[in-house]
10 protein chains.
Amino acid sequence: MLKGIPPILSPELLKILAEMGHGDELTIGDGNYPGHSLSDRVIRLDGHGVPEILDAILQVMPLDQYVEHPVALMQVMPGDTAETPIWDTYKEIVARHDERGAGAFEEVERFAFYDRTKEKSYVVIMSGETAIYANIILKKGVVKL
Amino acid sequence: MLKGIPPILSPELLKILAEMGHGDELTIGDGNYPGHSLSDRVIRLDGHGVPEILDAILQVMPLDQYVEHPVALMQVMPGDTAETPIWDTYKEIVARHDERGAGAFEEVERFAFYDRTKEKSYVVIMSGETAIYANIILKKGVVKL
Amino acid sequence: MLKGIPPILSPELLKILAEMGHGDELTIGDGNYPGHSLSDRVIRLDGHGVPEILDAILQVMPLDQYVEHPVALMQVMPGDTAETPIWDTYKEIVARHDERGAGAFEEVERFAFYDRTKEKSYVVIMSGETAIYANIILKKGVVKL
Amino acid sequence: MLKGIPPILSPELLKILAEMGHGDELTIGDGNYPGHSLSDRVIRLDGHGVPEILDAILQVMPLDQYVEHPVALMQVMPGDTAETPIWDTYKEIVARHDERGAGAFEEVERFAFYDRTKEKSYVVIMSGETAIYANIILKKGVVKL
Amino acid sequence: MLKGIPPILSPELLKILAEMGHGDELTIGDGNYPGHSLSDRVIRLDGHGVPEILDAILQVMPLDQYVEHPVALMQVMPGDTAETPIWDTYKEIVARHDERGAGAFEEVERFAFYDRTKEKSYVVIMSGETAIYANIILKKGVVKL
Amino acid sequence: MLKGIPPILSPELLKILAEMGHGDELTIGDGNYPGHSLSDRVIRLDGHGVPEILDAILQVMPLDQYVEHPVALMQVMPGDTAETPIWDTYKEIVARHDERGAGAFEEVERFAFYDRTKEKSYVVIMSGETAIYANIILKKGVVKL
Amino acid sequence: MLKGIPPILSPELLKILAEMGHGDELTIGDGNYPGHSLSDRVIRLDGHGVPEILDAILQVMPLDQYVEHPVALMQVMPGDTAETPIWDTYKEIVARHDERGAGAFEEVERFAFYDRTKEKSYVVIMSGETAIYANIILKKGVVKL
Amino acid sequence: MLKGIPPILSPELLKILAEMGHGDELTIGDGNYPGHSLSDRVIRLDGHGVPEILDAILQVMPLDQYVEHPVALMQVMPGDTAETPIWDTYKEIVARHDERGAGAFEEVERFAFYDRTKEKSYVVIMSGETAIYANIILKKGVVKL
Amino acid sequence: MLKGIPPILSPELLKILAEMGHGDELTIGDGNYPGHSLSDRVIRLDGHGVPEILDAILQVMPLDQYVEHPVALMQVMPGDTAETPIWDTYKEIVARHDERGAGAFEEVERFAFYDRTKEKSYVVIMSGETAIYANIILKKGVVKL
Amino acid sequence: MLKGIPPILSPELLKILAEMGHGDELTIGDGNYPGHSLSDRVIRLDGHGVPEILDAILQVMPLDQYVEHPVALMQVMPGDTAETPIWDTYKEIVARHDERGAGAFEEVERFAFYDRTKEKSYVVIMSGETAIYANIILKKGVVKL
């Protein structure tokens with residue numbers, strides 16, 4: 001642990017977040033996300049929900065200021081009547097760290113979301129989140145010292 | 001995640017617990033425990049307290065039935081007036097899984113505790129526990145099928 | 001070994017099953033399956049039949065609830081008069097863990113089956129099964145806590 | 001699998017047995033044996049009993065003809081009233097492969113047995129044997145072509 | 001060395017042969033075969049001729065019963081007047097282990113042979129064979145216990 | 001780079017500082033320190049002076065509150081008339097982060113200093129510091145959240 | 001450190017620069033450059049600006065004498081009104097080491113610049129530069145002894 | 001060093017030359033050749049000229065007897081007035097070991113030469129040769145015992 | 001294979017012999033020698049007798065000219081009536097390469113021989129030799145160019 | 001290659017020399033030195049004499065200014081009448097880089113020399129030097145910028 005850094009960020013995760021640059025992406029997967037088959041670089045945060053991870057990451061990592069939607073959610077599949085109340089929580093958390101708030105979000109179709117993780121995520125963080133459609137992609141912005 | 005297995009147990013931790021045999025030991029360290037300098041095999045569970053980890057482990061791993069004290073706590077240093085209320089929590093948790101309950105515990109002097117981790121722990125689990133004197137050593141027992 | 005977990009599941013296999021997510025696949029090959037040339041991740045369970053492995057896996061891993069056929073068998077080749085009584089055993093085992101039972105199965109042509117293992121299986125489990133056409137692919141479902 | 005070789009011997013185990021020379025030892029541990037903390041070279045045969053493994057090994061590996069007792073059992077601890085019927089099975093199996101039969105066996109005190117594994121076993125084979133005091137050490141003899 | 005297993009089969013080669021499944025191929029190259037640039041998995045048997053290796057392999061590994069020609073030779077190049085008496089030896093050896101004998105052989109054009117090794121051989125065995133056009137590909141069959 | 005974290009701390013160094021626990025030590029070596037022969041874990045910060053590194057580390061890592069002297073300097077060798085003005089800079093920096101200020105320092109004889117690095121430092125940080133007797137050892141304290 | 005070699009060049013960087021040959025390229029990224037996702041070979045020089053790194057490299061490495069523009073800058077994006085005063089500094093530094101001076105520079109569109117790093121840079125050097133559009137690619141020339 | 005083997009051939013190079021088979025190629029690069037970016041297998045012979053390396057290699061390795069031009073030089077670029085006196089030296093050396101002498105040489109355009117190294121050379125040997133257009137590719141022949 | 005080098009010397013063995021210096025030792029073990037448990041560096045030459053290996057090695061490696069007995073044999077154990085006719089063959093082979101002939105030999109007690117391999121042999125070569133007491137240690141001499 | 005750096009210093013050697021600090025030692029061995037059995041870190045400069053290597057190293061690395069004898073030679077063995085004219089060359093070379101010249105040398109008994117390499121040399125450089133008693137140990141000094 002270190003002073004002033006959220007304790008949920010493991011040493012390895014801290015390293016990876018620091019390595020990422022402008023435009024790099026990461027995926028936070030829920031407990032059923034197939035992260036290991038989509039990426040060779042996986043950080044496990046078993047037993048934690050996505051909201052606490054999201055909030056901790058945004059304390060040290062800015063969202064991309066150069067794109068309109070630096071946050072992506074997995075779209076509810078057509079015909080699926082599932083509700084996604086956790087998205088509201090995500091939007092509140094983002095709003096605390098980025099003035100665009102809910103405006104920073106876009107939705108991505110399920111299999112396109114998998115492909116985007118596979119092709120573009122520098123790391124996949126595996127949470128123990130039990131809510132559905134709870135996966136989220138973040139695009140890192142420019143850190144201003 | 002798997003059915004019927006506590007989700008806080010990461011895949012790697014599950015593997016390690018299954019590899020351990022009768023008499024092997026593990027240490028669950030608090031957030032300030034120097035686990036990485038005491039062992040080459042460390043599982044990080046950042047952001048979690050020791051009680052939830054302890055309870056999850058005891059759901060799948062029995063304590064050694066062949067020794068009197070299969071659980072060890074780090075003794076409060078002489079002159080230190082610190083209280084250790086978390087020990088009561090530990091004893092309640094152990095009592096739920098082993099009939100010896102509080103009788104299964106022993107206390108080990110601080111530096112002897114470090115040495116025991118170094119020489120005998122098959123793995124060190126690094127929690128984010130913030131209580132003091134919260135480190136604990138468990139000795140695995142015989143699994144009866 | 002661990003309490004409540006089928007002892008045939010090795011520590012490494014347990015880890016891999018836990019890493020897999022929704023939609024990931026695994027192949028259980030018979031004793032003559034070319035698993036090592038189809039995958040870099042192989043778990044060997046020499047000397048065991050497929051049924052006991054299948055049953056053990058289904059105790060901890062659900063089948064995909066989002067596809068019609070989460071189980072695939074290797075189709076008997078045209079002109080081959082071989083019988084496949086072991087398929088009935090598989091269907092009984094599946095029925096004990098998934099209400100779709102035999103309805104969960106599909107058949108895949110031999111070389112398409114090899115290709116599917118190569119492209120999509122997260123792991124190949126090599127059994128010592130001596131029955132023919134005994135290979136099977138499982139697609140993992142969502143674990144509900 | 002190969003022709004004429006017991007299928008329970010995995011490819012990796014076959015390699016290791018072939019590498020061993022005159023006087024090298026191996027340990028077959030029961031399901032609770034702490035093999036991973038005693039050796040860096042472990043072959044897992046989860047789900048199998050010791051007798052079937054013992055018999056398969058002796059089909060390809062002779063016992064040391066130059067020492068009196070090439071087979072060692074873990075002695076029952078003083079005060080322990082446990083019975084060890086599996087020892088009789090072991091002796092029958094050995095008798096089928098080595099004319100010394102039961103005369104080839106010696107008993108070693110529990111902790112001395114652990115130490116011997118640690119210092120001298122080229123490999124530890126982890127079975128799923130559930131019988132107690134079922135661990136066994138074999139010393140390889142000279143292969144006569 | 002092990003009882004009943006040809007001593008020319010090294011421990012590593014034995015492991016690899018056992019890992020191979022139905023339909024997997026291997027190449028035995030002569031002393032000038034470019035095996036290391038065609039494959040990442042090479043077993044060297046320097047100083048041995050191909051016939052003794054071929055005979056040893058066929059003692060433990062069946063040829064594919066499901067294809068017409070499980071054995072491939074490198075075709076003499078057009079215009080080359082070289083004789084290949086070693087092929088007769090190969091056919092005699094195969095005939096001792098497979099009833100198809102010489103009928104099991106096919107010839108493959110030189111560069112197609114290289115490509116087949118590169119794309120399909122699970123292992124290349126480098127002999128010290130000095131005869132020309134002495135390279136050979138074997139396709140593993142089903143082991144019947 | 002990350003928000004709120006001194007940019008001189010590399011991703012790897014950040015990870016290592018976070019891994020360290022209560023009582024673990026690190027050495028910051030000057031440009032001529034034999035760090036690579038004293039430790040297998042070296043972080044290079046070529047081209048930087050020790051003061052800027054020291055200040056950055058103390059922003060995220062507390063000094064040990066349980067020992068009297070958590071900071072060690074390399075003592076000037078007997079007979080050496082060298083001046084060590086950089087020590088004053090170090091004491092000012094420490095005073096900004098720890099109320100003990102100069103009182104937190106001790107001096108260690110040159111070869112004992114090397115030995116202490118070798119036996120106890122979790123990491124050696126190699127700076128490009130050109131001042132003499134500029135090496136320094138820090139002992140990590142308890143992080144209070 | 002070595003005599004006559006700029007101390008900011010780390011041992012690993014020195015090795016890499018020496019390995020590079022005529023026509024090989026390297027990228028010096030600013031503090032927000034996504035170097036780790038563009039290359040597997042990254043040298044970190046956290047906390048340093050690009051100019052001091054550029055000057056040090058050009059002391060030991062010539063620019064390509066066989067191409068017109070051995071130096072590439074990342075073009076300001078259309079519509080972006082950002083100023084790039086650091087480019088003047090770069091040109092002064094290059095002019096000290098190569099007679100072509102500013103004439104050696106070309107500009108490359110942002111995403112083409114990323115692609116060029118990915119496909120052609122032998123190494124990416126990650127600086128802590130805070131100026132914008134400060135990334136630079138160098139093409140190594142022939143070293144004349 | 002070994003008896004009868006040119007001492008400039010390092011142990012690792014000797015191993016690689018012995019691994020190469022009929023038709024495999026190697027490149028000897030001059031001191032500015034970009035060998036490390038063209039190949040993952042590089043043997044460095046810093047400080048040596050190409051002629052002494054070429055002569056040593058040809059003492060143990062025959063040139064391909066089955067192709068017309070087993071030796072390739074990098075063609076002088078159009079418009080370049082450079083002289084290549086070192087080619088004469090190469091031809092004399094080759095003539096000492098292969099009766100085809102200068103007839104064994106062909107010239108390859110510069111970028112085609114790079115591509116051929118990248119696609120076909122089993123190893124790149126990096127010399128310290130300072131002559132220009134001094135790179136050379138050799139194709140190994142059949143070793144006759 | 002290479003010109004003028006005995007083909008039984010594998011590429012890896014050639015490399016190792018070349019790496020060895022004055023005074024370094026190697027062991028050639030018979031088919032039952034426990035080489036893998038005595039050394040981490042083992043070259044296997046399965047299926048070959050010791051004499052052909054010994055002769056090949058002495059063609060490229062001189063025996064130590066600075067000690068009286070650069071060759072060691074394993075002494076027949078007291079009470080063992082075994083004959084060792086292969087020693088005569090060894091002496092004839094050595095006599096062909098070193099003028100001291102049989103005078104270069106010493107005998108070492110069996111367990112001291114094992115210890116010497118373990119502590120001093122740079123490599124163990126595992127042959128398939130079936131003669132008894134056929135193990136031999138060679139001490140490398142100075143190569144004179 | 002790099003500007004102003006002796007081309008005989010390979011990239012890897014340059015890195016190692018730069019990593020070394022005040023007081024660290026290196027050994028330059030002659031062609032028969034048993035460097036590989038004395039150290040895990042060996043740089044090979046086959047085919048070069050020691051003088052050219054020594055001179056190149058001293059161009060970038062100062063000798064220890066804090067000890068009387070930063071250079072060590074291997075003493076001629078008692079009774080050996082060998083001459084060591086190469087020592088004069090060494091002294092001339094050292095004198096060009098260090099004002100102490102021949103005064104910087106000490107002699108170390110042969111086996112003590114081996115032990116010193118084993119225990120204290122950060123690297124062993126293997127030359128192809130054919131002179132006898134030509135091995136030399138250098139102790140690195142403080143680099144003054």
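Which backbone nitrogen does the side chain of Ser127(C) reach at 3.1 Å? It is the backbone nitrogen of Glu129(C). The report returns to Ser127(C) below.

## Basis of the model

This is a predicted model, in which local features need pLDDT of at least 70, side-chain atom pairs count only at pLDDT 80 or more, and totals for chains, interfaces and linings use all residues. Residues are numbered from 1 along each chain as its sequence is written, chains are lettered from A and ligands numbered from 1 in the order in which they are written, and side-chain values use heavy atoms, with hydrogens and water left out.

## Chain A as a fold

Chain A holds five helices and six strands. Helices (H or I, at least four residues) and strands (E, at least two) are DSSP runs, numbered from the N terminus. Read from the N terminus, the order in chain A is α-β-α-β-α-β-α-β-α-β-β. The radius of gyration of chain A is 14 Å, close to the 15 Å that the globule rule gives for 145 residues, so chain A is as compact as a globular protein of that length. That radius is taken over C-alpha atoms, and the globule rule is 2.2 Å times the number of residues to the power 0.38.

Along the principal axes, the C-alpha atoms of chain A fill a box of roughly 45 × 30 × 25 Å. Of the 145 residues in chain A, 64% are buried. Buried means under 20% relative accessible area, exposed over 50%, and partly exposed in between (1.4 Å probe, protein chains only). Contact means heavy atoms within 4.5 Å. Take the contacts in chain A between residues at least 6 apart in sequence: 86% of them join residues at least 24 apart.

## Where chain A meets chain F

Here 21 residues of chain A are in contact with 20 residues of chain F. The area buried between the two chains is about 1,900 Å², and carbon and sulfur atoms give 71% of it. Buried area is the accessible area (1.4 Å probe) that two parts lose on being put together, summed over both. On the chain A side, Met1(A), Leu2(A) and Lys3(A) lose the most area to chain F, together 36% of what that side buries.

Between chain A and chain F there are zero salt bridges. A salt bridge is a side-chain nitrogen of Lys or Arg within 4 Å of a carboxyl oxygen of Asp or Glu. Eight residue pairs are in polar contact across this interface (both at pLDDT 80 or more). A polar contact is a pair of N or O atoms within 3.5 Å; within protein, one must be able to donate a hydrogen and the other to accept it, and residues adjacent in sequence count only if both atoms are side-chain atoms. Helix H1 (11-19) and helix H3 (50-60) of chain A each supply at least two residues of the side that touches chain F. H1(A) gives the most, with seven residues. By class, this side of chain A has 15 nonpolar, one polar and five charged residues. Ala, Val, Leu, Ile, Met, Phe, Trp, Tyr, Cys and Pro count as nonpolar, Asp, Glu, Lys and Arg as charged, and the others, Gly among them, as polar.

## Where chain F meets chain G

The contact between these chains takes 11 residues from chain F and 11 residues from chain G. It buries about 1,100 Å², of which carbon and sulfur atoms give 59%. Met1(F), Asp46(F) and His48(F) supply 46% of the area that chain F buries against chain G, more than any other three residues.

Zero salt bridges are found across this interface. Three residue pairs are in polar contact (both at pLDDT 80 or more). The side of chain F that touches chain G divides into four nonpolar, five polar and two charged residues.

## Ser127 in chain C

Ser127(C) lies in the loop between strand E5 (121-126) and strand E6 (136-139) of chain C. Ser127(C) is buried, with a relative accessible area of 2%. A polar atom of its side chain lies 2.7 Å from the backbone oxygen of Gly29(C). Leaving aside neighbours within four places in sequence, the contacts of Ser127(C) include Asp30(C), Leu45(C), His48(C) and Ile53(C).

Most residues other than glycine have a negative phi. Tyr133(E) has a positive phi of about 50 degrees, although it is not a glycine. Tyr133(E) sits in the loop between strand E5 (121-126) and strand E6 (136-139) of chain E, and is buried at 9% relative accessible area.

Tyr133(I) also has a positive phi of about 50 degrees. Tyr133(I) is found in the loop between strand E5 (121-126) and strand E6 (136-139) of chain I. At 10% relative accessibility, Tyr133(I) counts as buried.
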